[in-house]
Amino acid sequence: MCFERTIRTPMSARGVGVHSGQIVTIVLRPAPVNTGIVFRRVDLDPVVEVKADVDLVGDTRLSTCLQSKGVRVSTIEHLMSAAAGLGVDNLYVDMNAEEIPIMDGSSVSFVFLLQSAGLVDQPEQLKRFVRIKRKIEVVSEGKKASVEPFNGFKVKFEIGFNHPTILESDCLCEVDFSSTSFVREICRARTFGFLADVERLKQQNLVMGGNLKNAIVLDDERILNPGGLRYQDEFVRHKILDAVGDLYLLGRPMIGLFKGYKSGHALNNILLKTLMMDADAWEVITFPRGDQPIHFSVLPSDQRSI
Ligand SMILES: [Zn+2]
């Protein structure tokens with residue numbers, strides 16, 4: 001049987017917001033069933049709670065931000081991806097600034113924190129899934145994103161990347177999470193950007209906290225990070241990591257196939273909003289007889305360390 005899940009004990013981390021450049025401390029705390037992932041701005045008086053919900057997504061220019069009653073919670077996607085990948089349904093995320101820390105630019109620190117906190121099932125509530133019943137596709141400016149029926153959870157992504165260090169074959173990746181470990185194969189993929197863009201964005205007071213320790217940076221010819229890549233196709237794997245986090249804004253794990261072509265946070269969000277508006281295209285289901293498809297595989301080695 002598959003139940004909702006939270007963490008056993010609180011865990012905290014401190015880091016810099018990649019866009020704000022601000023130092024922030026987050027505390028991940030257990031939450032009761034039916035909570036979802038709830039961000040809490042504890043620097044405000046009174047504390048403001050913002051739930052991870054597709055309808056609260058505001059700014060999607062460079063990251064996914066939530067906005068509620070004028071309060072922002074930004075760059076949530078890598079933490080959301082970790083929560084999705086470990087099947088965490090209920091979690092409080094206390095934060096003393098607007099932006100979730102970027103850590104190393106991937107989800108691995110959040111996976112480590114959640115694993116260190118200990119994952120616990122909550123037998124009072126069966127896990128609810130959003131099952132895709134019909135294909136929904138959105139297209140914009142040569143980019144595409146879609147969801148369609150599939151008995152499990154699969155993400156297929158293609159990026160268009162013209163760079164001398166990146167082969168065409170490294171621009172396409174398909175991951176069936178019933179047989180591929182999120183922890184081993186996806187969660188370590190880092191965000192990336194071009195040096196020219198980084199300089200332009202810094203002039204707009206964006207990516208103020210960005211550096212080679214929390215992103216892969218490329219110039220026209222080379223990857224500037226001294227250690228190179230963690231995976232040969234790290235760029236497209238990071239886009240899969242982002243998509244997993246963005247899809248989790250449905251509030252429940254999805255049973256279906258997501259396909260992205262050059263898609264990003266903005267189009268992913270339009271896809272989810274289009275899906276939610278079409279009540280015939282999805283349903284919320286549980287598996288009381290324990291016959292659910294394998295959603296995220298957890299290999300024994302995932303339980304130990306990264
Ligand atoms: Zn990302």
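Is Met103 buried or exposed, and how many other C-beta atoms lie within 10 Å? Met103 is buried, because 23 other C-beta atoms lie within 10 Å and 20 or more is the cut-off. The model is predicted.

**Backbone points**

Met103 sits in the loop between strand 8 and helix 2. Its phi is positive, about 50 degrees, although Met103 is not a glycine. Asn34 also has a positive phi without being glycine, near 70 degrees. Asn34 belongs to the loop between strand 3 (23-30) and strand 4. Asn34 is exposed, because 12 other C-beta atoms lie within 10 Å and the cut-off is 12 or fewer.

| Residue | Phi | Other C-beta atoms within 10 Å |
|---|---|---|
| Asn34 | near 70 degrees | 12 C-beta atoms |
| Met103 | about 50 degrees | 23 C-beta atoms |

A cis peptide bond runs from Asp45 to Pro46, with omega near 0 degrees. Pro46 falls in the loop between strand 4 and strand 5 (48-51).

**Two domains**

Across the boundary, 33 residues of domain 1 contact 35 residues of domain 2. On the domain 1 side, helix 1 (77-85) and helix 2 (108-117) each give at least two residues. Helix 1 provides the largest share, eight residues. By class, this side of domain 1 holds 15 nonpolar, 15 polar and three charged residues.

**Helix 1**

How many of the nine residues of helix 1 are buried? Nine of its nine residues are buried, so helix 1 counts as mostly covered. Among them are Glu77, His78, Met80 and Ser81. The cover includes strand 4 (37-41) and strand 8 (91-95). It also includes helix 2, helix 3 (182-185), helix 5 (234-247) and helix 6 (265-277). After helix 1 comes Gly87, with a positive phi near 70 degrees.

**Helix 1 against helix 2**

Two packed helices are described by the angle between their axes and the distance between the axes. For helix 1 and helix 2 the angle is about 45 degrees, and the axes are 8 Å apart. The two helices are therefore oblique to each other. Their crossing is right-handed. Helix 1 brings His78, Leu79, Ala82, Ala83 and Gly85 to the contact. Helix 2 brings Phe110, Val111 and Leu114. By class, the contact has six nonpolar residues, two polar and no charged ones.

Conventions: Residues are numbered from 1 along each chain as its sequence is written. This is a predicted model: local features need pLDDT of at least 70, side-chain atom pairs count only at pLDDT 80 or more; totals for chains, interfaces and linings use all residues. Two residues are in contact if their C-beta atoms, placed from the backbone, lie within 7 Å. Helices (H or I, at least four residues) and strands (E, at least two) are DSSP runs, numbered from the N terminus. Ala, Val, Leu, Ile, Met, Phe, Trp, Tyr, Cys and Pro count as nonpolar, Asp, Glu, Lys and Arg as charged, and the others, Gly among them, as polar. Axes are lines fitted to C-alpha atoms, for helices over the stretch in contact, and angles run from 0 to 180 degrees between N-to-C directions. Angles under 35 degrees count as roughly parallel, over 145 as roughly antiparallel, 65 to 115 as roughly perpendicular and the rest as oblique. A crossing is left-handed if the near helix is turned anticlockwise from the far one by less than a right angle, and right-handed if clockwise.
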